[in-house]
Amino acid sequence: MRWFKTVFCLSVLVFLASCGGEQQQVVLRMGHTLDTEHSVHKAMVYMAERLRHYSNGEMDIVIYPSAQLGNEREMVELLQIGSLAMTKVSAATIEGFVPEMKVFSLPYIFQSREHRWAVLNGEVGQNLLNETQSAHLVGLGYYDAGSRSFYMTDTKVEDPADLNSKKIRVMESQTAVKMVNAFGGAATPISFGELYAALQQGVVDGAENNPPSFYLSRHYEISKYYILNEHTSVPDVIIGSKHVHDNLTSQQKTWLKQATLDSVEYQKELWLAGELEALSEVKKAGVEVIYPDKTPFINAVKEFHATFKGTRMGQYLEQIAKMNEGK
């Protein structure tokens, strides 16, 4: 619990900096689990720069990368009690706190990148950000996390049948487990930090993630095949502590929101460049990148989608599908 004590002390310092007769700088502490070369970290650095600009130096963000303050779930819990101001989590992680977020973990709900951003920037995306308040959080925006695809140590996958009985690492998400099982694989939840060794030791036969994560994690060193079936496009969610956010003035909230939006646009550009670089580098390293026909994969999960008919999740699926009609 050392990380908890550290971040609790940091949060106390934030409140002390706001006390006293003179107006002092408001410093927001923001943590994430990625390394400093990732587009998310670079976008957060840009967010801090923009916040200092908009506030004329009255506000700042201090960033703690590489899981210094815990994993994603632990940082969400710190937000809930006000011991951390902001973080970035995968929508798959936050579904344990905000069940509605699991819609993003469903396979093949977006038909294109344009469709995805239309949803995230529209009514559905905003409604889901608002749902975070029930968990004492504040949804501030979305970062691009691309599309997740399968990668395998020794099995060449061109059809869902090639996944039969193969142990596939997934995030600790029941939706992800059900999805992989629908493809015929054997879903195996394992933390990301333990995955390299699990692939190396044969605990799992493969995993699924986006190109930059596949590359930056160096999982390509032990995975011969990367299959770009792009089954899910799970966004990252920028969230804040409701306790901390409620203590900001209306003007401070406006500055923070604008700085966040600026960082979102910047991160989109970085992400696209990072995807191209990642695919190029893993190919150079000898990984065979496969571009399969997605139709069999889409058909394999139709029954899974049908299980949500008549539920709130089903309503979200209908709304998302309608946003692509006529395009």
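The predicted model has a mean pLDDT of 92 for the protein, and 92% of its residues reach 70 or more. Here pLDDT is the predictor's confidence in each residue, on a scale from 0 to 100. In this predicted model, local features need pLDDT of at least 70 and side-chain atom pairs count only at pLDDT 80 or more, while totals for chains, interfaces and linings use all residues. Residues are numbered from 1 along each chain as its sequence is written, and side-chain values use heavy atoms, with hydrogens and water left out.

Over residues 1-9, pLDDT stays under 50. The model has twelve contacts for residues 1-9 beyond four places in sequence, where contact means heavy atoms within 4.5 Å. Over residues 15-21, pLDDT also stays under 50. Six contacts beyond four places in sequence are found for residues 15-21. Where pLDDT is low, the predicted coordinates should not be read in detail.

Secondary structure follows DSSP runs, numbered from the N terminus: helices are H or I runs of at least four residues, and strands are E runs of at least two. Ala67 lies in the loop between β2 (59-64) and α3. Its phi is near 60 degrees, a positive value in a residue other than glycine. Ala67 is partly exposed, with a relative accessible area of 35%. The classes are buried (under 20% relative accessible area), exposed (over 50%) and partly exposed (in between), for a 1.4 Å probe and protein chains only.

Helix α3 spans residues 72-80. At its start, a side-chain oxygen of Asn71 reaches to within 3.2 Å of the backbone nitrogen of Arg73. Buried residues in α3 are Glu72, Met75, Val76, Leu78, Leu79 and Gln80. An α-helix has 3.6 residues a turn, so residues three or four places apart point the same way. Gly82 follows α3 and has a positive phi, near 80 degrees.

Two packed helices are described by the angle between their axes and the distance between the axes. Helix α6 (residues 123-131) packs with helix α14 (residues 312-322) at an angle of about 150 degrees, and their axes are 11 Å apart. This makes α6 roughly antiparallel to α14. Val124, Asn127, Leu128 and Glu131 of α6 make the contact with Arg312, Tyr316, Gln319 and Ile320 of α14. Four of the contact residues are nonpolar, two polar and two charged. Axes are lines fitted to C-alpha atoms, for helices over the stretch in contact, with angles from 0 to 180 degrees between N-to-C directions. Angles under 35 degrees count as roughly parallel, over 145 as roughly antiparallel, 65 to 115 as roughly perpendicular and the rest as oblique. Ala, Val, Leu, Ile, Met, Phe, Trp, Tyr, Cys and Pro count as nonpolar, Asp, Glu, Lys and Arg as charged, and the others, Gly among them, as polar.

Gly125 also lies in helix α6. It counts as buried, at 0% relative accessibility. Beyond residues up to four places away in sequence, Gly125 touches Val119, Leu120 and Tyr142. Gly125 and Ile109 are 16 residues apart in sequence, and their C-alpha atoms are 13 Å apart in space.

Strand β10 (residues 236-241) holds Ile238. Ile238 is buried, with a relative accessible area of 0%. Not counting residues up to four places away in sequence, Ile238 touches several residues, among them Met30, Met47, Met86, Val138, Leu140, Tyr142, Thr260 and Val264. Ile238 and Asp159 are 79 residues apart along the chain, with 35 Å between their C-alpha atoms.

Asp236 is also placed in β10. Asp236 counts as buried, at 7% relative accessibility. A polar contact of 3.5 Å joins its side chain to that of Lys88. A polar contact is a pair of N or O atoms within 3.5 Å; within protein, one must be able to donate a hydrogen and the other to accept it, and residues adjacent in sequence count only if both atoms are side-chain atoms. Outside four places in sequence, residues touched by Asp236 include Val40, Lys88, Tyr142 and Ala145.

Arg148 lies in strand β5 (residues 148-152). It counts as buried, at 7% relative accessibility. Its side chain reaches the backbone oxygen of Glu208 at 2.9 Å. The side chains of Arg148 and Asn209 are joined by a polar contact of 3.3 Å. Leaving aside neighbours within four places in sequence, Arg148 is in contact with residues including Arg169, Met171, Glu230 and His231.

Glu230 lies in strand β9 (residues 225-232). Its phi is positive, about 50 degrees, although Glu230 is not a glycine. At 32% relative accessibility, Glu230 counts as partly exposed.
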